[in-house]
Amino acid sequence: QYADFAAWQRRWLQGEVLERQLGWWREQLTGAAVLELPTDRPRPILAEAPSGLLHPLLRPSLTERLRAFSRDHGATLFMALLAGFQALLHRHTGQTDISVGTPIANRNHGDVEKLIGFFINMLVLRTDLSGDPGFGDLVDRVRQTALGAYDHQGVPFAKLVEELRPERDLRHTPLFQVSFQVLNIPQSPLELPGITFHPLSFAARSAKFDLDLALTDAADRLSGVLDGVLDYNADLFDATTMERFLAHFERLLAGAVENPAQRLSELPLLTPGERSQLESEWNDTATSAEAPACLHHLIAQRIAEAPEALAAVCEDRRLSFGDLGRQSASLALRLRDLSVGPEVPVVLFLDRSVEAIVGFVGILEAGGVYVPIDPPYPAERIAWILEDCKAPVVVTTSELASRLPDGTPAVLLDPHPPAPPLPSPSLPPGEGGTVTADHPAYIIYTSGSTGRPKGVVVRHGAVVNLARALRETVYCEETGPLRVGVNASFSFDGSIKQLVQLAWGHSLHILPQDVRLDPAALVDTVRRQRIDVLDCTPSQLRPLLAAGLGDGGEDAAPALVLVGGEAVDADLRDAALARSQQGRTRFWNVYGPTECTVDTTATPFTAGTPPTRIGLPLPNVRVHAVTAAGSLAPLGVPGELRIGGAGLARGYLGRPDLTAERFVPDPFGGDHGGRLYRSGDLVRWLPDGSL
């Protein structure tokens, strides 16, 4: 009886036999990775969860091709299917170390063949999928692993966990998180006089693993269908997600048997409908372009329409649009006399002031390229940027000019200059030239991963698209001139999306440096100046909410708070939503790299959605989640975010090699000759078409 088997197993599994068996498993499983499947919801603290069931079905034609493939490769049908299952897990996770649990009958003695009892043991089949092997090669790896596991199946799984002592986590089962099996036990129909029997499926109350796929080898049936049950953790996955998973499994297997030499990264997953959705439908963001194509032309329209309207405020200094027009035009004439025109960089080296706004607009009006440098920067970084961009002139004040390297040509923009300084005689008079959408508007220097700053060159067309895109999405519900807080550093690209609001007649409220760094003072300034729009990072938003941002009634709360630069977590989202319910403030999560003109996607904070949701692409922007092999990642599967469309920067100043590395050809149906920026960030599509 079963008790006799248990006693025999205890006597047999000790000493040299136990050590030999355990030694193989130690070598096989030490360092095995936890499988991190992309889930629809965060993983709960406890692994026990409700179960969901689906019934996969592989077509007879595919089943027969799988049988023939298995015979040709000296493998069982189970081995071929397991290779396909592990290849699919690899494609959905990006991991190359895949461990799958599988039950084995463990009745390898004739004496126990017909005994009643639970002899089944769980084996862990760990496969190395590194090197992007062909599917046939992967089957060879799986066969070797499976045969080795069968030779060492005598160690009970509980004993294996006890001996290997894997790092335990209540959110995961130990050693493996998904299970796979192929049932091939002959099924004889049960017949009794006057009674007809039908097998009934049942749903387990809780899921044992993240996924448990059991297929039934129906070779003895006329249909030749391979069917089964997928039991999944319903806390983690929606049924639609699992349906896509099974559809990808079938497509992968079909591609594998069609061409076994195909590398795993090349095996098909997407249906034509899915590909169309990812390439086109969710990137249908095109809007009609409106003239003019340059930011300073749009600002000039506002100056002509409402010269008395407020353009900028900084402490007790106020600047009307008319004043902005006169002062920026004067600066532009002085710059043109110094050969400033298209493609010519001009450094703006000013403190946070209304003069900085004049400098920004004046540089663009002259046709030059705006290059901001913050005066608090170390002298080495200031000198580096000046040398790298080769700006022939710096717009600054007499007080700050002393911080520039000796001999740097400067145009002074003092608050109350006695008279405009004369152009340097060493610089010949210039020609303004005509600025187009393809000419550069600004250069922003990022720190760079190596610490060497690199200049990102952004076109006028990209800047104008940003202004229009924000107006059509984030600002679309707001009417009338708004008071926009300029919170970002001028040398940070986040300031650009604040400066461009001049194009729509909004006024810029420049927050002084000491106010920016003091949450209580910043909230007080927002209330006193009745600022409507504020940009900040999640790190800054937390203390601002604690200091009362959004409290104090309709007039004291901003209408919009744009949050970007870092990931948003659930606690911050919930705190912001609680505050928005008390007043008028709407919070937006905005995402975008400097190389794609500040913002690429945007979404309002909403309850019930992942806090890391970065939303939909902005107008005229295209986004793709791309696998390491360069193919489109399916819905829900992580991939590198690659960005194209109107917001794309020209590239890196003087760095053609880096530009070619990060700005790559667009193979996904964008504009002819179009490019995509490789962001390096991992994203995945959600079912609603957002990222």
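Predicted model: local features only at pLDDT ≥ 70, side-chain atom pairs only at ≥ 80, totals over all residues.
**Exercise 1. How many bridges join strand 24 to strand 27, and which way do the two strands run?**

Residues are numbered from 1 along each chain as its sequence is written, and side-chain values use heavy atoms, with hydrogens and water left out.

*Solution.* 
- Step 1: strands (E, at least two residues) and helices (H or I, at least four) are DSSP runs numbered from the N terminus. Two strands pair if DSSP finds at least two bridges between them.
- Step 2: strand 24 covers residues 639-645 and strand 27 covers residues 675-683; four bridges join them, and they run antiparallel.
- Step 3: look across the pair, and you will find Arg642 opposite Arg678 in strand 27.

**Exercise 2. Describe the length and burial of helix 11.**

*Solution.* 
- Step 1: helix 11 (residues 354-365) has twelve residues and spans 17 Å from first to last C-alpha, close to the expected 16 Å. The expected span is 1.5 Å times one less than the number of residues.
- Step 2: call a residue buried under 20% relative accessible area, exposed over 50% and partly exposed in between (1.4 Å probe, protein chains only). Twelve of the twelve residues are buried, so helix 11 is largely enclosed by the rest of the structure. Among them are Glu355, Gly359 and Phe360.
- Step 3: after helix 11 comes Gly367, with a positive phi near 90°.

**Exercise 3. Which residues touch the most other members of the largest nonpolar core?**

*Solution.* 
- Step 1: a nonpolar core is a set of buried Ala, Val, Leu, Ile, Met, Phe, Trp, Tyr and Cys residues joined through side-chain atoms within 4.5 Å.
- Step 2: in the largest core, of 96 residues, the answer is Leu324, Leu335 and Tyr370. Helix 11 gives the largest share of this core, eight residues.
- Step 3: leaving aside neighbours within four places in sequence, Leu324 is in contact (heavy atoms within 4.5 Å) with residues including Ile357, Val358 and Val361.

**Exercise 4. Is Val598 buried or exposed?**

*Solution.* 
- Step 1: Val598 is in the loop between strand 20 (586-591) and strand 21 (601-604).
- Step 2: its phi is positive, about 70°, although Val598 is not a glycine.
- Step 3: Val598 counts as buried, at 4% relative accessibility.
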